[in-house]
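Please consult the sequence and the structure shown here while reading.

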Amino acid sequence: MLNIRPVRRDDLPAIKGFTDREIGANYYSTAELELMFERSRLGDTRCTLILEDESGEIRGIRITYPPGQWEHGKGEGLKPELWPFDLKSTAYFQSLFIAGDLRGQGWGGRMSAAAIRLLREAGVKGIVCHSWKESPNNSSTRYLQKLGFQMIAEHKEYWRNVNYQCTRCGNPPCRCTAQEMYLILHPWRLRRPRSEGPA
Ligand SMILES: CC(C)(COP(=O)(O)OP(=O)(O)OC[C@H]1O[C@@H](n2cnc3c(N)ncnc32)[C@H](O)[C@@H]1OP(=O)(O)O)[C@@H](O)C(=O)NCCC(=O)NCCS
């Protein structure tokens, strides 16, 4: 049995172990994870979600920041001028990682859908993220496209100045490419044509 729930402060040491193992050693420092916890606040809940198994072990994380709690991602490259809504109306999907043996079973999509529900209920207009182009089986871009995210721009070597051991590139620098993608949450209201009936 797997369960999706909001992150708690006492999860942070286990999250550090999980992200070191699944994303790459030192991708997130303990201090960054403290900040992640603060930035995930949405009203009286947190929109960063955890996937845990019946023994309480962390098997996935959907890091999510509401508008106003973030300005840029971990790497270099963001094009707000191409978004349909501005930074103060846009949430950020920071990282989504599912344990290797659980990938391809829809958990990433379910966790993201749960975070999208929380953001939508709070009136957020859109979400931006940096998809990892080289992710195994193209899983990153595929799950985002299934959710309706659209491509905005590509940023080569987006993570080159992040000092971590990428699971694909090994020693720094990471040479992977990020694809900036955007999901519109705000329901577009189409203007009704004026009645052309008899006056
Ligand atoms: C990206 C990720 C979070 C998606 O979560 P998920 O639960 O695997 O998502 P889904 O089950 O919807 O799978 C997404 C796609 O990845 C592919 N995929 C994922 N894992 C796979 C595997 N082990 N073998 C084959 N295909 C796989 C699937 O084909 C699926 O596409 P499809 O449904 O069109 O066939 C997860 O696969 C993961 O952690 N990947 C590595 C880390 C990563 O890339 N994170 C995103 C960084 S921005």
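The model is predicted.

**Ligand shell**

The ligand is surrounded by 19 residues, and the closest are Arg103, Gly104, Gly108, Ser135 and Ser139. Two or more residues of the shell come from each of strand 6, helix 3 (107–121), strand 7 (126–132) and helix 4 (139–147). Helix 4 supplies the largest share, four residues. By class, the shell around the ligand comprises ten polar, seven nonpolar and two charged residues.

In soluble globular proteins, nonpolar side chains tend to be buried together. The largest nonpolar core here contains 33 residues, and within it Leu119 and Cys129 have the most contacts. Helix 1, strand 4 (49–52), strand 5, strand 6, helix 3, strand 7, helix 4 and strand 9 (178–184) each give two or more residues to this core. The greatest contribution, six residues, is that of strand 6. Which residues does Leu119 contact, leaving aside its neighbours within four places in sequence? They are Cys47, Pro66, Ala91, Val124, Ile127 and Leu185. A second core, separate and of ten residues, includes Tyr28, Tyr158, Trp159 and Cys166.

Helix 1 spans residues 12–22, and Ile15, Phe18 and Thr19 are buried in it. These residues lie on the same side of helix 1 because they cover an arc of only 95° around the axis. An α-helix has 3.6 residues a turn, so residues three or four places apart point the same way. On the other side of helix 1, Pro13 and Gly17 are exposed. The cover over the buried residues of helix 1 includes helix 2 (30–39), strand 5 (58–65) and strand 6 (90–98).

In helix 4, the buried residues are Ser140, Tyr143 and Leu144. They share one side of helix 4, because their arc around the axis is only 100°. The buried residues of helix 4 pack against helix 3, strand 7 and strand 9.

|---|---|---|

Conventions: Residues numbered from 1 in each chain as written. Predicted model: local features only at pLDDT ≥ 70, side-chain atom pairs only at ≥ 80, totals over all residues. Buried ≥ 20, exposed ≤ 12 C-beta atoms within 10 Å, placed from the backbone. Arc of directions from axis to C-beta. Contact = placed C-beta atoms within 7 Å. Near = placed C-beta within 6 Å. Nonpolar A, V, L, I, M, F, W, Y, C, P; charged D, E, K, R; others polar. Core = buried A, V, L, I, M, F, W, Y, C linked by C-beta atoms within 7 Å.
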